[in-house]
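I opened this notebook to record what I looked up in one structure.

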Amino acid sequence: MTSHPAIAPSHVAVITGGASGIGFAAARAFAERGMKIAIADRDAAALKAAGQVLATLVGEDNVLAVETDVGRREDIAFLQEQVIARFGKVHVLMNNAGMQPGSTIFGAHEVWERILAVNLGGIINGTQVFAPGMIARGEPALIINTGSKQGITTPPGDPAYNVSKAGVKAFTEALQHELRNTEGCKVSAHLLIPGFVFTPLAARGRTERPAGAWTAEQTVDFMLERLAADDFYILCPDGDTPRALDEKRMAWAMGDIIENRPPLSRWHKDYGEAFKAFVAKG
Ligand code: NAD
C-alpha cells in the first residue's frame, strides 16, 4: 500500500487518545511503518500499557507517553514541549481523544462543558498548539481530527456529543481552507469519520464485537488508504452501513433545510415513511 509522504520511517506521529481503541490502533500502525510515536491520554494505566506495546515495535527511545487531558490547554502545551524536546518535529498530529458519557438537552451544565471541552476543545487545543510549528517546518505533514457521523446527521439521543462533533467538522473544514490558502504550507487537515467501531467508548457493556461493528484496526487501515489518496473526508463504512446508505442519510439531513422540513425529520413520525422511500429509491 502506498502511503501519504508524511507517514514514513523515522517521521514523528502524535496521537491523542492514543492508549485505546482507534488511537492505539493508529499508533501501532504508524509504529509498524517505522515512525516515532508520542501517545497522549488521560488514562495513566492504559497509557503505560500502550507505551510498552509500542516500545516492542519501535524501541523505547522512539516512544513517548504523556499523561494529558486534551481539554486543558496547558496539558497540550506541555505535550508539545515534550514531543519537540524528544523528537524535534511532528509529521502527523492525530487529534482523536474523545468521550461519550451521554447527555440530554436540559442535563447538567458540567456534563455539557466537559464533553465540549474534550471532544471539541481538545481538537482546537491540539491544532492551535502544534500546527504553527508544523507549518513553519515546511515538510509534508498531516492533521487528522476524529469526528463522527453523529456530528453530521445529528441523531436524537446524545445532543452534547453531536454538538461537539459538529464543531469538529466545522473546525476541521475551516482549518483545511486556511492551510490550503497559506503560502508554502505543506500541512493538510483531514476529518476522520468512523462508522461503528468496537472500542471501549462504543462497547456499552458488550464484550463481544457485534457483527456490524468494525475493529479499530479496520478503521485505521481504511484511514491510511484514504490518506494516501489525499481525501479530506475519510468517511468509514462498517458492517451495517455501506457508504451508499451514509450518503442517503447525509443528503436527507441537508434536505431538511432545502425542503423546509422539520429538523431531524428522519426521526419525525410524519416523515419516517418518506425517508424510507428516499433510501429505497437507490
Ligand atoms: P476509546 O474509548 O477506545 O478511546 C478514547 C481514548 O481517549 C481513551 O483512551 C480515553 O482515555 C481517551 N480520552 C478521553 N478523554 C480524554 C481527555 N480529556 N484527554 C486525553 N485523553 C482522553 O474510544 P474510540 O472509539 O477509540 O474513540 C476515539 C475517537 O473516535 C473519539 O473521538 C470518538 O468520539 C470517535 N468515534 C468513535 C466511534 C466508535 O464507534 N467507536 C464512532 C465515531 C467516532
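**Entry 1. The model.** I noted at the outset that this is a predicted model.

**Entry 2. Strand E5.** I asked how many residues of E5 are buried. Six of its six residues are buried, and E5 is thus recorded as mostly covered. I then looked up the direction of the side chains. Ala 141, Ile 143 and Asn 145 point one way from E5, whereas Leu 142, Ile 144 and Thr 146 point the other way. Residues on both sides of the strand are buried.

**Entry 3. The neighbours of E5.** I looked up the pairing of E5 with E4 and found that the two strands run parallel and are joined by four bridges. Within this pair, Asn 95 stands opposite Asn 145 of E5. Between E4 and E5 the chain passes through helix H4, residues 109–137, in a right-handed β-α-β crossover.

I turned next to E6. E5 pairs with E6 over six bridges, also in the parallel sense. Here Asn 145 stands opposite Leu 191 of E6. Helix H5, residues 159–180, forms a right-handed β-α-β unit together with E5 and E6.

**Entry 4. Helix H7.** Helix H7 covers residues 216–228 and has 13 residues. From its first C-alpha to its last, H7 reaches 18 Å, which is close to the 18 Å expected at 1.5 Å a residue.

Which residues of H7 are buried? I listed Ala 216, Thr 219, Val 220, Phe 222, Met 223, Leu 224 and Leu 227. The buried residues of H7 pack against several elements, among them helix H1 (21–32) and strand E5 (141–146). Strands E4, E6 and E7 are also on that list. After H7 comes Asp 230, whose phi is positive, near 65 degrees.

**Entry 5. Arg 28.** I located Arg 28 in helix H1. Is this residue buried or exposed? Arg 28 counts as buried because its relative accessible area is 18%, and the cut-off for buried is under 20%. Its side chain makes a polar contact of 2.3 Å with the side chain of Glu 217. Beyond its neighbours within four places in sequence, Arg 28 is in contact with Val 53, Leu 54, Leu 57 and Glu 217.

**Entry 6. Leu 54.** I followed the contact from Arg 28 to Leu 54, which lies in helix H2, residues 44–58. Leu 54 is buried, with a relative accessible area of 0%. Leu 54 and Ala 27 are 27 residues apart in sequence, yet their C-alpha atoms are 7.6 Å apart in space. Not counting residues up to four places away in sequence, Leu 54 touches a set of residues including Phe 24, Ala 27, Arg 28, Ile 39 and Val 63.

**Entry 7. The ligand.** I asked how many residues surround the ligand. There are 28, and the closest are Ser 20, Ile 22, Asp 41, Tyr 161 and Thr 199. I then looked up individual atom pairs. A polar side-chain atom of Tyr 161 lies 2.7 Å from an oxygen atom of the ligand. For Lys 165, an N or O atom of the side chain is 2.9 Å from a ligand oxygen atom. Val 70 takes part through its backbone, where an N or O atom lies 3.0 Å from a nitrogen atom of the ligand.

Methods:
Residues numbered from 1 in each chain as written. Predicted model: local features only at pLDDT ≥ 70, side-chain atom pairs only at ≥ 80, totals over all residues. Heavy atoms only, no water. Expected span 1.5 Å × (residues − 1). Buried < 20%, exposed > 50% of the residue type's maximum accessible area, 1.4 Å probe, protein only. Contact = heavy atoms within 4.5 Å. Pairing = 2+ DSSP bridges. Right-handed = clockwise from strand over helix to strand, strands pointing away. Near = heavy atom within 4 Å. Polar contact = N/O pair within 3.5 Å; in protein donor to acceptor, adjacent residues only side chain to side chain.
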